Amino acid sequence: MFVTSTHAHITTWGIALILFIIALILHAKGNKVGFKVTQMILRVFYILVIITGGLLFIHNQSINPAMYGVKLLGGLLVLGFMEMILIRLSKGKRTGMFWILFIIFLLIVLYLGLKLPLGFHPFY
Ligand code: HEM
């Protein structure tokens, strides 16, 4: 199931992005407890994204090791920037640079994921 199907991976990063947005809304509304709880659940989903992506990587990277390597690194950075944005928001620090990096890397990772051989192929 996890070897060639990308469904579990898409589900986990999809839920992670939704939880990220919920955490941002809760922070904007000043709901500190809700924000903290959402952040904790989101961290579990980071791990699930890494496990599902990692399994896809282990079983398929020999198809194109360089591109799969960039996809893995990009995916980890996207998760890292999400975590940095939320931590810095909760500490009242500036997040501008991390937002720019998050958006750039999210676009790269979405493009690479869809371009690589498994799953959906909207670009060709
Ligand atoms: C928020 C973070 C991430 C996003 C938005 C994301 C997005 C995607 C997308 C859109 C696909 C293509 C799915 C399809 O065509 O059916 C994909 C596939 C994949 N992802 Fe991720 N991913 C993320 C994190 C990760 C991480 C952390 C890893 C590795 C640990 C990873 C490894 C992979 C691999 C190996 C594939 C299969 C590529 C293929 O052959 O199509 N991803 N991802």
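**A pocket and its ligand**

The lining of the largest pocket is made of 21 nonpolar residues, seven polar ones and one charged one. In this sorting, Ala, Val, Leu, Ile, Met, Phe, Trp, Tyr, Cys and Pro are nonpolar, Asp, Glu, Lys and Arg are charged, and the others, Gly among them, are polar. Keep in mind that this is a predicted model, in which local features need pLDDT of at least 70 and side-chain atom pairs count only at pLDDT 80 or more, while totals for chains, interfaces and linings use all residues. Residues are numbered from 1 along each chain as its sequence is written, and side-chain values use heavy atoms, with hydrogens and water left out.

What is a pocket here? On a 1 Å grid over the protein atoms alone, a pocket is an open set of points with protein on both sides within 12 Å along at least five of seven lines, and lining residues have an atom within 4 Å of a point. The largest pocket holds about 670 Å³ of space, a volume being the space filled by probe spheres set on the points, which are joined across faces, edges and corners. Of its 29 lining residues, the closest to the centre are His-9, Trp-13, Lys-71, Val-109 and Gly-113. Helices H1, H2, H3 and H4 each give two or more residues to this lining, and H3 gives the most, with eight. Helices are DSSP runs (H or I, at least four residues), numbered from the N terminus.

Now for the ligand, which sits in the largest pocket; that is, more than half of its atoms lie within 2 Å of the pocket's grid points. The ligand is surrounded by 27 residues, and Thr-6, His-9, Tyr-68, Lys-71 and Phe-120 are the closest; to be counted, a residue needs a heavy atom within 4 Å. H3 again gives the most to this shell, with seven residues.

Which backbone atoms lie close to oxygen atoms of the ligand? A polar backbone atom of Phe-120 is 2.9 Å from one, and for Leu-118 the distance is 3.0 Å. Leu-116 has a backbone N or O atom 3.4 Å from a ligand oxygen. Each is a polar contact (a pair of N or O atoms within 3.5 Å).

Methods: A polar contact is a pair of N or O atoms within 3.5 Å; within protein, one must be able to donate a hydrogen and the other to accept it, and residues adjacent in sequence count only if both atoms are side-chain atoms. On a 1 Å grid over the protein atoms alone, a cavity is a set of points where a 1.4 Å probe fits but cannot get out, and a pocket is an open set with protein on both sides within 12 Å along at least five of seven lines; lining residues have an atom within 4 Å of a point.
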